[in-house]
Amino acid sequence: PEYISVSNLAIALGQKIDIFLSQLEELGFEDVGKENILTGETAALVAQEYGFEPTVDTGEEEDLKARPAAADPSSLPLRPPVVTIMGHVDHGKTTLLDYLRKSSTVAQEHGGITQHIGAFSVSLSGGKQITFLDTPGHAAFLSMRQRGANVTDMVILVVAADDSVMPQTLEALKHARAAKVPIIVAINKVDRPEANVDRVKSDLATNGVEIEDYGGDVQVVCVSGKTGQGMADLEENILLLAEMLDIRAETDGMAEGWVLESTIKPLGRVATVLIKRGTLRPGDFIVAGRVHAKVRSLRNEAGVEIDEAPPGTAVEVLGWKEPPDAGDLVVQAPDESKAKAAVHYRQELHDRGEIISQMAQQEQDRQKRD
Ligand code: GTP
Ligand code: MG
């Protein structure tokens with residue numbers, strides 16, 4: 001963007017500097033002096049207040065955006081499906097996840113999943129992978145959903161066989177429908193003597209879930225997170241559904257993803273990023289919201305450093321200048337200056353929004369007074 005000093009802007013607008021400075025203060029600028037530098041955008045806003053309609057470079061090219069969708073997605077490589085487990089309290093979500101976590105190859109290779117990073121990948125025979133999101137109901141979800149992003153490719157709806165459909169089962173259904181992602185029903189706790197699978201099925205049908213047994217296409221799998229019964233079938237069903245959905249992504253080009261979690265660890269600021277497209281590597285520059293990072297290192301859920309994170313996997317990213325927010329879109333920049341420019345541009349937009357809302361507030365206050 002272009003820049004202009006306050007004093008030059010005053011001259012451009014034909015205002016006396018002292019008066020101009022007090023007017024700027026009224027517009028919501030704090031402690032501005034004539035030496036202060038404004039960006040073209042801010043200057044344009046101020047100019048508008050003086051009745052000018054300036055044309056400014058909107059700086060579109062300064063920002064980083066997600067790439068447009070591939071023209072022919074069917075030619076892209078397949079990526080692992082991203083799966084979220086939802087369901088009513090105590091119906092066994094954590095137990096199922098723990099079971100899956102233990103069956104994770106990463107866990108087996110490295111003596112257990114040593115850290116919680118909000119997602120983990122399970123490798124199955126035949127080299128196929130499934131990535132489970134570990135943070136259902138996470139605030140990041142809502143934020144991502146509000147931006148029209150479906151981080152998850154499918155929802156596993158857990159219903160306890162001894163409790164059947166409950167309020168949060170319906171809540172989860174609503175979420176899945178709103179996100180337009182398909183579901184697989186996992187009827188859990190089938191090992192319990194009180195288990196009543198038929199009742200669960202009919203309750204689901206009553207609530208509009210078109211399950212297989214009633215002629216629909218929603219798969220139902222009977223499982224026990226306790227004994228492991230049916231868990232291999234569940235994984236098999238997930239892969240089948242993924243195959244039908246034909247989930248593909250570019251492994252090359254600028255990486256894109258979503259911040260699932262953001263924390264501070266002894267090593268520094270760490271964010272878990274779910275990679276959606278491209279491949280992230282140490283040394284890459286990325287932007288999330290109004291912060292950027294030079295990727296210092298990448299670590300998987302076993303705490304092991306890895307040298308690349310392909311699409312459909314989640315990875316811990318170290319190297320952030322400031323902590324990014326969960327739910328932020330991550331976009332790779334071709335170089336550091338582009339990353340910085342994007343952050344700067346977004347900061348400008350943010351500040352401009354603040355100034356505009358301050359102006360609006362002042363206008364309202366003025367109207368109230370009059
Ligand atoms: P919230 O996180 O509180 O919503 O619960 P959750 O859905 O994560 O349920 P959780 O996995 O904590 O399981 C609740 C209880 O059910 C625990 O006591 C589990 O041991 C038990 N449980 C979970 N799965 C099974 C199962 O397949 N069979 C039996 N018998 N008990 C189970
Ligand atoms: Mg739980």
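Mentor: Quick definition before we start: a helix here is a DSSP run of H or I with at least four residues, and helices are numbered from the N terminus. Also keep in mind that this is a predicted model.

Trainee: Which residue has a side-chain N or O atom 2.5 Å from an oxygen atom of ligand 1?

Mentor: Let's go through some contacts. Gly92 uses a polar backbone atom, 2.9 Å from a ligand oxygen, while Thr94 has a polar side-chain atom at 2.8 Å from one. The side chain at 2.5 Å belongs to Thr95.

Trainee: How much of ligand 1's accessible area does the protein cover?

Mentor: Take ligand 1 on its own: its accessible area is 650 Å².

Trainee: Now the inside: which element gives the most to the largest nonpolar core?

Mentor: That core has 24 residues, and Phe132 and Ile238 are among those with the most contacts inside it. Phe132 also touches Ile238. Elements giving two or more residues include β3, α4 and α9. With six residues, the top contributor is α9.

Trainee: And how many residues are in the second core?

Mentor: This one is separate, and it includes Met86, Leu173, Val181 and Ile183. Its residue count is 21.

Definitions and conventions. Residues are numbered from 1 along each chain as its sequence is written. Chains are lettered from A and ligands numbered from 1 in the order in which they are written. This is a predicted model: local features need pLDDT of at least 70, side-chain atom pairs count only at pLDDT 80 or more; totals for chains, interfaces and linings use all residues. Side-chain values use heavy atoms; hydrogens and water are left out. A nonpolar core is a set of buried Ala, Val, Leu, Ile, Met, Phe, Trp, Tyr and Cys residues joined through side-chain atoms within 4.5 Å. Buried means under 20% relative accessible area, exposed over 50%, partly exposed in between (1.4 Å probe, protein chains only). Contact means heavy atoms within 4.5 Å. A polar contact is a pair of N or O atoms within 3.5 Å; within protein, one must be able to donate a hydrogen and the other to accept it, and residues adjacent in sequence count only if both atoms are side-chain atoms. Accessible areas come from the Shrake-Rupley method with a 1.4 Å probe; for residues, only the protein chains shown count as cover. Lists of a residue's contacts leave out its neighbours within four places in sequence.
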